[in-house]
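Please open the structure in your viewer and keep the sequence panel beside it. The stops below say what to select and what is found there.

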Amino acid sequence: MAGLARAVATPRSTEDVLSDVTAEAKKLIPGVDAGGILMIGKAGKFDSLACTSELPRRLDELQMKYREGPCVQAALDELIVRTDDFRTEARWPKYAAAAVEHGVLSALSFKLYTSSQTAGALNLFAFETNAFDAEAETVGAVLAAHGAAAILASRQSEQLESALSTRDRIGQAKGIIMERYNVNDVAAFDMLRKLSQGSNTRLVEVAERVIQTRGQ
């Protein structure tokens, strides 16, 4: 656990950290035969990440097809969802039958990350019934927290990069206006703002159009 925490703190790709999470789940939680992470976006779009085999990816496809299952429920609603025997599982009849066909009899899912844009879950699968207990839930919850930290760090980095890019483009546009119309930076920004409001267009888009007129 300490090693995984250090891995999360070390600059690495989100995919690498999540792969560590699912790999450690197989090592630390008895009974885990496969693991993966399901990320659900808007309009039914989804990604299967850090899968320890092809099985989690296939199970994700089935859950998104039927719009039901423990991974979907954990990602969107519950913190922890456990299934002891898919052969008698009544909560997700279509998915449960499909899981049994793939040899999966029990599963354990943890909410990983939820925002207005994306939801995610760490999902563990077993070929035996009653594979998971309270201890498995505790260890899995810690692993899910590490995965969530990696995703949050990635999102914050992306937002920072986007903000810096936006600031740079607005700065370039201000410079062009200052040179073209011989005004100071305050007046240049005010011109951009008025153009944005008048055309009901985002300020960064107005700035991009100004940049494109350079040399014309």
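Begin by selecting Cys 51 and Cys 71: the sulfur of Cys 51 lies 10.0 Å from the closest cysteine sulfur, that of Cys 71, which is too far for a bond. Cys 71 is accordingly in no disulfide, a disulfide being a pair of cysteine sulfur atoms within 2.5 Å, and a search of the whole structure finds zero disulfides. Cys 71 counts as buried because its relative accessibility is 0%; buried means under 20% relative accessible area, exposed over 50% and partly exposed in between, with a 1.4 Å probe and protein chains only.

Before moving on, note that this is a predicted model, in which local features need pLDDT of at least 70 and side-chain atom pairs count only at pLDDT 80 or more, while totals for chains, interfaces and linings use all residues. Residues are numbered from 1 along each chain as its sequence is written, and side-chain values use heavy atoms, with hydrogens and water left out.

Next, select Phe 86 and Tyr 95. A search of the whole structure finds one aromatic pair, and Phe 86 and Tyr 95 form this pair, edge-to-face, at 5.7 Å centre to centre with 85 degrees between the planes. Rings of Phe, Tyr and Trp (its six-membered ring) pair if their centres lie within 6.5 Å, and planes under 30 degrees apart count as stacked, over 60 as edge-to-face and the rest as tilted. Phe 86 is buried at 2% relative accessibility, and Tyr 95 is buried at 0%.

Now select His 146, which is placed in helix α6 (residues 134–181); helices (H or I, at least four residues) and strands (E, at least two) are DSSP runs, numbered from the N terminus. His 146 is buried, with a relative accessible area of 14%.

Then turn to helix α7 (residues 185–199) and helix α8 (residues 203–212). To see where they meet, select Phe 189, Leu 192, Arg 193, Leu 195, Ser 196 and Ser 199 in α7, which meet Leu 203, Val 206, Ala 207 and Val 210 in α8, contact meaning heavy atoms within 4.5 Å.

Finally, show the whole protein, whose secondary structure comes to eight helices and five strands. Of its 216 residues, 39% count as buried, and among contacts between residues at least 6 apart in sequence, 57% join residues at least 24 apart.

Note on methods:
Axes are lines fitted to C-alpha atoms, for helices over the stretch in contact, and angles run from 0 to 180 degrees between N-to-C directions.
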